[in-house]
Amino acid sequence: MDFIPLAARVFLSVIFLRSGINKIFGFAGTQGFMASAGIPEGLTGFLLVGSIVLELLGALSVIFGYKARWGAIALIVFLVPTTLIFHTNFAEDMQINQFLKNLGLIGGLLMVVYFGSGPLSVDGRKDLT
């Protein structure tokens with residue numbers, strides 16, 4: 001049973017890890033997408049770097065269970081505005097699915113905030129000395 005929270009943390013976080021890495025390698029394209037969604041061009045670079053930091057550090061924190069509650073909060077801070085800015089065109093089925101997916105991710109992250117990372121984590125390790 002100790003492996004269940006570990007598996008849940010990995011499954012919950014891998015999407016953010018992949019997304020953050022993709023943003024690094026597709027920085028200019030992501031900036032353009034953000035601008036096309038109405039974000040002022042002068043802010044896109046700053047917000048994009050912030051998004052990358054929140055996604056990568058938050059995902060790694062949750063996966064390894066090191067300060068996992070803070071990592072989950074960082075990912076929620078990323079998800080809320082992202083969901084409200086990019087996924088509220090409810091005339092499109094795909095956007096409804098993306099909106100609901102993000103709500104599900106926020107729900108899973110709230111479970112990490114409430115319950116912590118579990119026994120197989122840096123936070124949950126036991127002092128063996």
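The model is predicted, so local features need pLDDT of at least 70 and side-chain atom pairs count only at pLDDT 80 or more, while totals for chains, interfaces and linings use all residues. Residues are numbered from 1 along each chain as its sequence is written, and side-chain values use heavy atoms, without hydrogens and water.

Start with the helices. Helices here are DSSP runs of H or I, at least four residues, numbered from the N terminus. Helix α2 spans residues 27–36, and helix α3 spans residues 41–64. They pack at about 120 degrees, with axes 9 Å apart. Axes are lines fitted to C-alpha atoms over the stretch in contact, and angles run from 0 to 180 degrees between N-to-C directions. So α2 and α3 are oblique to each other; that word covers what is left after under 35 degrees (roughly parallel), over 145 (roughly antiparallel) and 65 to 115 (roughly perpendicular).

Now the rings. How many aromatic pairs does a search of the whole structure find? Four. Rings of Phe, Tyr and Trp (its six-membered ring) pair with centres within 6.5 Å; planes under 30 degrees apart are stacked, over 60 edge-to-face, the rest tilted.

Phe 16 and Phe 78 are edge-to-face, at 6.4 Å centre to centre and 85 degrees between the planes. Phe 16 is in α1 and Phe 78 in α4, so this pair ties together parts 62 residues apart in sequence. Phe 16 is buried at 2% relative accessibility. Phe 78 is buried too, at 9%. Buried means under 20% relative accessible area, with a 1.4 Å probe and protein chains only.

Phe 33 and Phe 86 are stacked, at 5.2 Å and 20 degrees.

Technical notes: Helices (H or I, at least four residues) and strands (E, at least two) are DSSP runs, numbered from the N terminus. Buried means under 20% relative accessible area, exposed over 50%, partly exposed in between (1.4 Å probe, protein chains only).
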